Amino acid sequence: MTEPLLVIDHVSKQYRLPREHLLSAAPVVQALDDVSFTLQPGRSLGIVGESGSGKSTLARLVMALEAPTHGRVILDGQDLNTLSPAELRRTRSKVQMVFQDPYGSLDPRRTVGQTVAEPLAVLHGASRTEQRARAAEALEAVGLRAADLAKYPHEFSGGQRQRVAIARALITRPKLIVADEPVSALDVSVQAQVLNLMQDLQDQFGVTYLFISHDLSVVDLVCDEVVVLQAGRIVEQGPPARLFQRPEHPYTQRLLAAVPGLVPPARAAVAKSA
């Protein structure tokens with residue numbers, strides 16, 4: 001059996017808040033509590049839950065921007081929190097991130113070419129010639145043109161800016177892309193285009209996605225497996241078809257009830273045949 005690309009092994013994360021009084025103990029917030037799952041290469045795993053459920057904390061741990069209080073985050077066989085700074089720097093090329101706000105994640109003062117090529121310069125020390133060639137290749141892979149390298153973010157639509165962000169994530173040819181609410185800031189019609197693009201790129205490059213979202217209909221479209229987080233704990237896990245047809249946990253049931261347009265596959269098939 002293929003080894004998992006990502007292993008989240010009994011991970012917990014606590015944050016200490018400022019003391020309310022000089023002599024009082026600092027309060028502790030449990031953002032994640034004993035979370036475990038695995039993600040196989042070339043697959044897509046959705047992490048869903050309401051605001052405050054721990055989704056973004058999990059993303060920061062996978063990106064090694066923070067360390068877990070307990071447990072291990074293992075990427076491609078390496079425990080991220082045991083690596084030296086030099087080893088971690090090399091490992092970062094294996095995982096990239098696509099953020100929620102495509103405009104906010106792009107520097108308006110830099111050209112698209114500079115932005116897309118930046119991970120190559122920082123992580124690989126690539127020459128300017130190689131950076132430009134790889135940036136043009138990445139833009140064309142997401143449906144833009146090499147001529148767009150000289151443009152600035154404000155010259156693109158929201159959907160095109162998210163394509164630029166995906167191109168930047170792809171340029172190091174990562175094994176894993178963490179997509180944190182990547183389409184929630186886009187119009188519904190544009191969301192479908194970006195999601196279809198991400199699926200096409202997965203087929204083309206074999207990239208693995210950790211897809212973080214509060215929108216179950218989006219996760220249903222792109223993910224092979226879903227993890228439901230509530231208050232930092234996993235309350236349910238399984239393939240979308242099973243979760244959406246037969247949700248077992250009351251919290252998952254409430255999440256589904258909040259998406260009136262989401263029709264479970266079994267009921268959709270019945271409606272179509274009728």
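1. Ala-141 counts as partly exposed, because its relative accessibility is 21%; the term covers values between the limits for buried (under 20% relative accessible area) and exposed (over 50%), computed with a 1.4 Å probe and protein chains only. Ala-141 belongs to helix H4. Helices are DSSP runs of H or I with at least four residues, strands are runs of E with at least two, and both are numbered from the N terminus. Leaving aside residues up to four places away in sequence, Ala-141 touches Leu-197, Leu-201 and Phe-205, where contact means heavy atoms within 4.5 Å. The C-alpha atoms of Ala-141 and Leu-201 are 7.7 Å apart, although 60 residues separate the two along the chain.

2. The model is predicted: local features need pLDDT of at least 70 and side-chain atom pairs count only at pLDDT 80 or more, whereas totals for chains, interfaces and linings use all residues. Residues are numbered from 1 along each chain as its sequence is written, and side-chain values use heavy atoms, with hydrogens and water left out.

3. Helix H4 comprises residues 128-141, and its 14 residues reach 20 Å from the first C-alpha to the last, close to the expected 20 Å at 1.5 Å a residue. The expected span of a helix is 1.5 Å times one less than its number of residues. Buried in H4 are Gln-131, Arg-134, Ala-135, Ala-136, Ala-138 and Leu-139. After H4 comes Gly-143, with a positive phi near 90°.

4. Why is helix H5 described as largely enclosed by the rest of the structure? The description applies because eleven of the 13 residues of H5 are buried. Among them are the arginines Arg-161, Arg-163 and Arg-168. H5 (residues 158-170) reaches 19 Å from its first C-alpha to its last, close to the 18 Å expected.

5. Helix H1 (residues 55-62) is also largely enclosed by the rest of the structure, because six of its eight residues are buried. These are Lys-55, Thr-57, Leu-58, Ala-59, Leu-61 and Val-62. Just after H1, Ala-64 has a positive phi of about 60°.

6. Two further residues on either side of strand S7 deserve attention. Arg-173, in the loop between H5 and strand S7 (176-180), has a positive phi of about 55° although it is not a glycine. Glu-181, in the loop between S7 and helix H6 (188-205), is likewise not a glycine and has a positive phi of about 50°. Is each buried or exposed? Arg-173 is exposed, at 54% relative accessibility, whereas Glu-181 is buried, with a relative accessible area of 10%.

7. Arg-92 is placed in the loop between helix H2 (85-91) and strand S6 (95-98). Its relative accessible area of 27% makes Arg-92 partly exposed.

8. The last point concerns the protein chain as a whole. It contains ten helices and ten strands, and buried residues make up 46% of its 274 residues. Of the contacts with a separation of 6 or more, 66% join residues 24 or more positions apart.
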